[in-house]
Amino acid sequence: MTRYIALLRGINISGKNKISMPELKTALIEKGFSEVSTYLNSGNIIFSDVETDTIVLSEKIKTLIQEKFTLDIPVFVIAQNELKTLLTKAPSWWGSDSKDIYDNLIFAIAPNSIETVADKIGEPTEKIEKVQICGNTAFWSFDRKLYAKANWWKRTATPEIGEMITIRTANTLRKIAEM
């Protein structure tokens, strides 16, 4: 069995798209997923499965959420080892302990590509944010005090872009990569 991480997009934010993590965990176990755990209330699921196709796993989880919670939630699945490898490729400016910088990793949800997302967003705002594409993800950091002026900050929150991606912080990713 392979260990996977599912990242749900846009759940439990400001009372919208509410999903109980304990209920979701139980539903996943009932559907045949193994060694299921969740992290935080923002839709981070760690599990094991014999399936090797992450698109199939994404669709299976998405369907389960539609049936159980009547919500249409985009789901991104990555093998835990793949996430660990990805984190080793982070640029030197990403993932520091600086409280002045906010470090995120943007995942393009299939069938979208990170290149399409980056083209739609445009260039990062100089001296406020940095972006580096790696595979179908983008390492993204920005100045916490100047975030409102950051092009990527404004654009990733728009419905056009938001439906194409899911975002996690460096700290969350490091934690779930080791669970």
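Residues are numbered from 1 along each chain as its sequence is written, and side-chain values use heavy atoms, with hydrogens and water left out. Because the model is predicted, local features need pLDDT of at least 70 and side-chain atom pairs count only at pLDDT 80 or more, whereas totals for chains, interfaces and linings use all residues.

Pockets were located on a 1 Å grid over the protein atoms alone, a pocket being an open set of points where a 1.4 Å probe fits, with protein on both sides within 12 Å along at least five of seven lines, and lining residues being those with an atom within 4 Å of a point. Grid points are joined across faces, edges and corners, and a volume is the space filled by probe spheres set on the points. The largest pocket has a volume of about 680 Å³; it is lined by 24 residues, of which G10, I13, T166, I167 and R168 are the closest to its centre. With helices (H or I, at least four residues) and strands (E, at least two) taken as DSSP runs numbered from the N terminus, β5 (101–108), α5 (151–156) and β8 (165–169) each supply at least two residues of this lining, and β8 gives the most, with 5 residues.

The second largest pocket holds about 430 Å³ of space, and among its 22 lining residues I55, F76, V77, A108 and A110 are the closest to its centre. At least two lining residues come from each of α2 (54–69), β4 (75–79) and α3 (80–88), and the most, 5 residues, from α2.

A nonpolar core is a set of buried (under 20% relative accessible area, 1.4 Å probe, protein chains only) Ala, Val, Leu, Ile, Met, Phe, Trp, Tyr and Cys residues joined through side-chain atoms within 4.5 Å. The largest such core has 23 residues, and those with the most contacts inside it are L8, I19, L24, F47, I61 and I65; its largest share, 5 residues, comes from α2. Leaving aside neighbours within four places in sequence, I61 is in contact (heavy atoms within 4.5 Å) with A6, L8, L28, F33, F47, V75 and V77.

Beyond its neighbours within four places in sequence, K31 is in contact with K60, L64 and E67; the C-alpha atoms of K31 and K60, 29 residues apart along the chain, are separated by 9.1 Å.

Methods:
Buried means under 20% relative accessible area, exposed over 50%, partly exposed in between (1.4 Å probe, protein chains only).
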